[in-house]
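Here is a short report for a first look at this structure. Please keep the sequence and the 3D view open while reading.

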Amino acid sequence: MFTANDFIPSQYSQTIESGQFQWSAPSNIALVKYWGKKANQIPANPSVSFTLNNCKTITKLAFEKKNISTPLDVTNKFSFDLFFEGKPKEDFKPKIQKFFERIEIYLPFLKEYHFTIDTENTFPHSSGIASSASGMAALAMNLMSLEKALNPAMSDEYFYQKASLLARLGSGSACRSVKGEVVAWGNQANIKGSSDEYGIEFPYSIHENFKNYQDTILLVDKGEKQVSSTVGHDLMHNHPFAERRFAQAHENLDKLIAIFEKGNLDEFIKIVESEALTLHAMMMTSMPYYILMKPNTLQIINTIWKFRNETQIPVCFTLDAGANVHVLYPNKNKESVLQFIKDELVDFCQNGQYLCDEIGNGAMQL
Ligand code: PMV
């Protein structure tokens, strides 16, 4: 198991002038939610997520060593151009600049290169789906490919765990978008190898019931997020229920270990739905307080509960910090749940839009 200090390199065996890499990284959906953080993107509680398969960011990173004759004031700065869907994207730049500042200690070569970052998402531009997890993970993978070119002896384990650590410094939940179908992030006594610094592939057995688990994302509100996750995490400081909530996340994660092993979907549903509502309850009870659900979010939840009662099909919902609803269900119920979604839930979606996704494997080099 690595600690953050293991990821500070001393020297590289190779030099490389220019080149490019391309990676895709998926989004992920948390089952036990990360909400609240300490300094340096260290989570206040551990979390676990399903990695998605179709909602991805694809990022190409081209790099070129700065010229020896480059003026010193340029050498001493990070230098990069950023394109989103082929067009220059100035408003993403401060986030990347901050990311580079945070990770420079782990990738000391960053200022030696000029980078061109070309990025696009497979999901619609304004879907209300956060692209920070997939985007930061895809960029971290590319940077690790460059580091591996400088140090080819690097092990795969080091490569992926450091990629996850870097991704975390871009956006916390991004560390769960690197490798594995089910990813745990945050120290948890009963999860071997778990770390606050990076996500790990869930190390215990996962029952067949969860194979190809489905996630249909209902787009209820595609607008800008009402509360950024940075502001949201901050609301957990001095929150009256914070300590109890953090303890509850540990308890729920422990319960999930056995649930994943036994494939008990009724218990799975209880934890997942309770986690989603707790996340929103935290926002409703912070100061200032927010309601991030929309009337249609509640309509969807009630309709899912009614359908589940009537059919006994183990379909449930989870939520991120917004109004969209993730509908989770086993692969074997795909046909009937999709029919239910078309018949009864699509009307609650903005312009009838939804995205079909399922569990996936993590980042891929292209
Ligand atoms: O990674 P961030 O800082 O955008 O936080 C994400 C928080 C939630 O999506 C609400 C929960 C989670 O664990 O992904």
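## Domains

Domain bounds here come from an automatic or database domain assignment. The protein is divided into domain 1 (4-205) and domain 2 (213-358). Their C-alpha centres lie 26 Å apart. How many residues of domain 1 are in contact with domain 2? There are 35, and they meet 42 residues of domain 2; contact means heavy atoms within 4.5 Å.

This is a predicted model: local features need pLDDT of at least 70, side-chain atom pairs count only at pLDDT 80 or more, and totals for chains, interfaces and linings use all residues. Residues are numbered from 1 along each chain as its sequence is written, and side-chain values use heavy atoms, with hydrogens and water left out.

## The ligand and its shell

The ligand is surrounded by 13 residues, each with a heavy atom within 4 Å of it. The closest are Tyr34, Ser173, Arg176, Ser229 and His233. Both domains take part: domain 1 and domain 2 each give at least three residues to the shell. By class, the shell has 5 nonpolar, 5 polar and 3 charged residues. Ala, Val, Leu, Ile, Met, Phe, Trp, Tyr, Cys and Pro count as nonpolar, Asp, Glu, Lys and Arg as charged, and the others, Gly among them, as polar.

The protein covers 92% of the 380 Å² of accessible area that the ligand has on its own (Shrake-Rupley method, 1.4 Å probe).

## An annotated stretch

An unreviewed UniProt entry annotates residues 217-345 as "domain: Mvd1 C-terminal"; such annotations may be inferred rather than shown by experiment. Over these residues the chain is 59% helix and 9% strand. Helices (H or I, at least four residues) and strands (E, at least two) are DSSP runs, numbered from the N terminus. The end C-alpha atoms of the stretch are 11 Å apart.

## Backbone exceptions

Most residues other than glycine have a negative phi, and most peptide bonds are trans. Where does a cis peptide bond occur? One joins Met287 and Pro288, with omega about 0 degrees. Pro288 sits in the loop between helix H7 (265-284) and helix H8 (295-311).

Glu85 is not a glycine, yet has a positive phi of about 50 degrees. Its place is the loop between strand S5 (79-84) and strand S6 (87-88).
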